[in-house]
Each structure stands twice: as C-alpha cells, then as structure tokens.
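Subject: Structure handover

Hello,

Here is the structure for you to look at. My notes on it follow below.

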Amino acid sequence: DSVGPTVGWVTALTPRFTAKLTGGVQKSWQAATATADASSQWNYIFSADLGFKGQQDTTDFTATRSQYPFSNGTETLLTEFELTEKHDINSKLSLNAAGNYQFAKSPPVSSGINLDKEFGGSAGAAYHVTEHSDLTANYQYRNETLTGVEGNIPDHVVMIGIAYHPFTATQLNHDD
C-alpha cells in the first residue's frame, strides 16, 4: 500500500514548448512474508514532462520516480528517463525514435529476482494508409540487469502491425 500528497504544475512555456511537473512524498507499506519482516518508509516521487511540437517534429522528454510492483509481490521505487521523437516526412509517412534508461531502488522486503537497471532504444516508421489506419514497423532493443542474476539480458524485438484509430485528434478535441 502507498499513500501521499503530490502537487503539480502544467504550462505552455511558448506556443511550441510545454511543461508538466509534479512532485511529492509517498509512504509505502509492504506486508511481511515468511522470509522477511514488514516495512514502511517515506520516499519522494516526481514526474516531469517537457514537450516540443513543431511543424514536422514532436519531441518529448519525461523523467519519473514512482512505486513499481514486481511479480513476486514486492515493489520498489523506479526512476525512469525517456526521450521520444516523431518526425513527419510528409502527410503519409512518419519516423519515430526513442531511448530510455531506468533503475530501481532495491526493495526493503525483497525475495527473488527484481529489476536493477535497464536501458534501451527503438526506431520505427508509420505509413498512414487512411485517415483512421496506419501500417507500422518498429525495432526495439532493451538491455536489463536483474538482482540475483549474473550479467545483462539483451532483448531485440521487431514488430510489424496495423494501427486503427477511429477518431482523429481534431474529433477528440472538438467541443459541441
């Protein structure tokens, strides 16, 4: 369980640059297991998002620190930094790229294998077939280091797909 206050600020710095910032503290409790005692602690959490929207480019930088659950029943504070870029070549074709780095604080009540740190990147393209559908192709690389496991775990993924979006951005923002 976790509880705590946060405060935030959202602004348009210029017509092309936006900022969203939140921060606060959070108390988390983890119940005892057969091998570990219960624990609780206060931690600071935050979220920051800086965005740029140009004629052909959309760039976004995010940084977050928040609670993250593991499949073994424990949770940790996960800190993540991510940079994404989308470049429209023309009205039909766009390219995208992203990079991220994240690391986890070791849980006070820990058993098993948990994330220590991870970094990765991706690149892809989207061809806009119709107003509501795209053909997509993406490559993603991820490299993880886990607690209790020797070495790194690399991961490569190639995805090809069809994306259907029934509403356009202008339809979603339209007020009647």
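Which residues does Leu-115 touch, not counting residues up to four places away in sequence? They are Phe-70, Leu-78, Gln-102, Ala-104, Glu-144, Thr-145, Leu-146 and Thr-147. Contact here means heavy atoms within 4.5 Å.

Two notes on the source. This is a predicted model, in which local features need pLDDT of at least 70, side-chain atom pairs count only at pLDDT 80 or more, and totals for chains, interfaces and linings use all residues. Residues are numbered from 1 along each chain as its sequence is written, and side-chain values use heavy atoms, with hydrogens and water left out.

The core

Leu-115 also belongs to the largest nonpolar core. That core has five residues: Phe-70, Leu-78, Ala-104, Leu-115 and Leu-146. A nonpolar core is a set of buried Ala, Val, Leu, Ile, Met, Phe, Trp, Tyr and Cys residues joined through side-chain atoms within 4.5 Å. Buried means under 20% relative accessible area, exposed means over 50%, and partly exposed lies in between (1.4 Å probe, protein chains only). In soluble globular proteins, nonpolar side chains tend to be buried together.

A buried glutamine

Gln-67 sits in strand 5 (residues 57–69). Strands are DSSP runs (E, at least two residues), numbered from the N terminus. Gln-67 counts as buried because its relative accessibility is 17%. Leaving aside neighbours within four places in sequence, Gln-67 is in contact with Ser-2, Gln-26, Ser-28, Asn-43, Glu-75, Thr-76 and Leu-77.

The surface patch

Some nonpolar residues form a patch on the surface. Its members are Trp-9, Leu-13, Phe-17, Leu-21, Leu-50, Phe-61, Phe-81, Leu-83, Tyr-101, Phe-103 and Phe-119. Together they have about 1,000 Å² of accessible area (Shrake-Rupley method, 1.4 Å probe; for residues, only the protein chains shown count as cover). Patch residues have over 30% relative accessible area and no salt bridge; nonpolar side chains (Val, Leu, Ile, Met, Phe, Trp, Tyr) are joined within 5 Å, like charges within 9 Å. Strand 3 (17–30), strand 6 (75–88) and strand 7 (93–104) each supply at least two patch residues. Leu-21 is in strand 3. Its relative accessible area is 34%, so Leu-21 is partly exposed.

Aromatic pairs

The whole structure has four aromatic pairs. Rings of Phe, Tyr and Trp (its six-membered ring) pair if their centres lie within 6.5 Å; planes under 30 degrees apart count as stacked, over 60 as edge-to-face and the rest as tilted. One of the pairs is Phe-17 with Phe-52, tilted, at 5.0 Å centre to centre and 50° between the planes. This pair links distant parts of the chain: Phe-17 in strand 3 and Phe-52 in strand 4 (residues 39–53), 35 residues apart. Phe-17 is partly exposed at 41%, and Phe-52 is partly exposed at 25%. Tyr-101 and Phe-103 also form a tilted pair, at 5.9 Å centre to centre and 40° between the planes.

Salt bridges

There are two salt bridges. The term means a side-chain nitrogen of Lys or Arg within 4 Å of a carboxyl oxygen of Asp or Glu. Arg-142 pairs with Asp-155, with the closest N and O atoms 3.0 Å apart. Arg-142 is in strand 9 (residues 133–146) and Asp-155 in strand 10 (residues 152–164), 13 residues apart. Lys-86 pairs with Asp-88, with the closest N and O atoms 3.5 Å apart. Lys-86 is partly exposed, at 36% relative accessible area.

Best regards

How values were computed: Helix = DSSP H or I, 4+ residues; strand = E, 2+ residues; numbered from the N terminus.
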